[in-house]
Amino acid sequence: MRGRVAGLAIGLIFGVTLSWSGMTSPDVIRAALLFEQSYLFLFFAAAVLTATSGTWLLRRIGFRALFTGQRVTWTQDRPARRHIVGSLIFGLGWGIADACPGPIATQVGQGIAWALWTLGGVIIGVVLFLRRQEPETEPATDTLPATAAEPAHVRA
Amino acid sequence: MLHHQLAWYIAGPVLGLCVIVVRALFNARLGVTGGYSELVGKAMARSLRVDWRGWFLIGVVLGGTVFAVVAGGPDFHGYGWLTRTFHGGAQALIAPILLIAGVLIGYGAKVAGGCTSGNGLSGNALLSPASLAATATFFGTAIVVSFVIKAII
């Protein structure tokens, strides 16, 4: 229950911020991808820098996740074919629609009717993927088998 | 965009903080595609027991609604280059183009294990080589696609 409430609250902040930063507007995204505006790149770099500092600090101090009790840890995946092929397909769609999954959701929330088509497409795409019954590629937690968890701690 | 744009040095760190909070609460990656996947997967299994990732996506949608209500309307009219390029009868092309782009976005992000948030923000925050490669690939591809579209239209 508290996990769901927290998820909803974080999503609200995320959605308002995405909208307020102009990332919902296809013209803002397109201007960035054509190197006409620097906002997206500065914004993205600031987000990654903040996220990186905080995440590594949590692991450094041995923080235990409040809802799961696990010590903060993760695995660093090696690049595989699927990361490149999937990102090529995703990038193609992103460059055409000038919206990625977060902004598509906020467009729908703002009442942009065109976004319902993109949303419908995303749902079809996810269904096509899930029908292939591949192992989950985006785990809900980074929980590791006990043996595999060791190297992550050693690296820290 | 129609409304005042929040400064990048505020908006960026706020999204970064969302990533940190998800890590601190769940020891998990924040990813919008994970939210779609959770909702679609549960719908396919005819289940209503949606976990925090699904509720996160519902929150993102409602965040857009809150913004539009407070700001007095959506952030843009029409739909970017598509509604500027296709007029009259040609407007019928926009819906299928957006639908196909959406399929590519949803399917591609699932194959890659994340989108701009899952790989771009959360994965890169872990300095995961796979996420760095994915981010370089989707940014590079979207930039090339944008210039190709600009050259054609």
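I first looked up B:Leu126 and recorded it as buried, because 23 other C-beta atoms lie within 10 Å. The classes I used are buried at 20 or more other C-beta atoms within 10 Å of the residue's own, exposed at 12 or fewer, and partly exposed in between, with C-beta atoms placed from the backbone. B:Leu126 sits in the loop between helix H6 (118–125) and helix H7 (129–152) of chain B. Helices here are DSSP runs of H or I of at least four residues, strands are E runs of at least two, and both are numbered from the N terminus.

I then listed the partners of B:Leu126. Leaving aside neighbours within four places in sequence, B:Leu126 is in contact with A:Thr55, A:Trp74, A:Gln76 and B:Ser131; contact means C-beta atoms, placed from the backbone, within 7 Å. B:Arg29 is 97 residues away from B:Leu126 in sequence, with a C-alpha to C-alpha distance of 9.4 Å.

I noted the provenance before going further. The model is predicted: local features need pLDDT of at least 70, side-chain atom pairs count only at pLDDT 80 or more, and totals for chains, interfaces and linings use all residues. Residues are numbered from 1 along each chain as its sequence is written, and chains are lettered from A and ligands numbered from 1 in the order in which they are written.

I checked the confidence of chain A. Its mean pLDDT (the predictor's confidence in each residue, from 0 to 100) is 89, and 85% of its residues reach 70 or more. Over residues 144–156 of chain A, pLDDT stays under 50.

I recorded 7 helices and 0 strands for chain A. Of its 156 residues, 46% are buried.

I turned to the interface, where 101 residues of chain A are in contact with 102 residues of chain B. The chain A side has 57 nonpolar, 35 polar and 9 charged residues. Ala, Val, Leu, Ile, Met, Phe, Trp, Tyr, Cys and Pro count as nonpolar, Asp, Glu, Lys and Arg as charged, and the others, Gly among them, as polar.

The axes of H5(A) and helix H2 (residues 32–44) of chain B come within 8 Å and cross at roughly 65°. A:Pro101, A:Gly102 and A:Ala105 in H5(A) meet B:Val32, B:Thr33 and B:Tyr36 in H2(B).

Technical notes: Contact = placed C-beta atoms within 7 Å. Axes fitted to C-alpha atoms, helices over the stretch in contact; angles between N-to-C directions.
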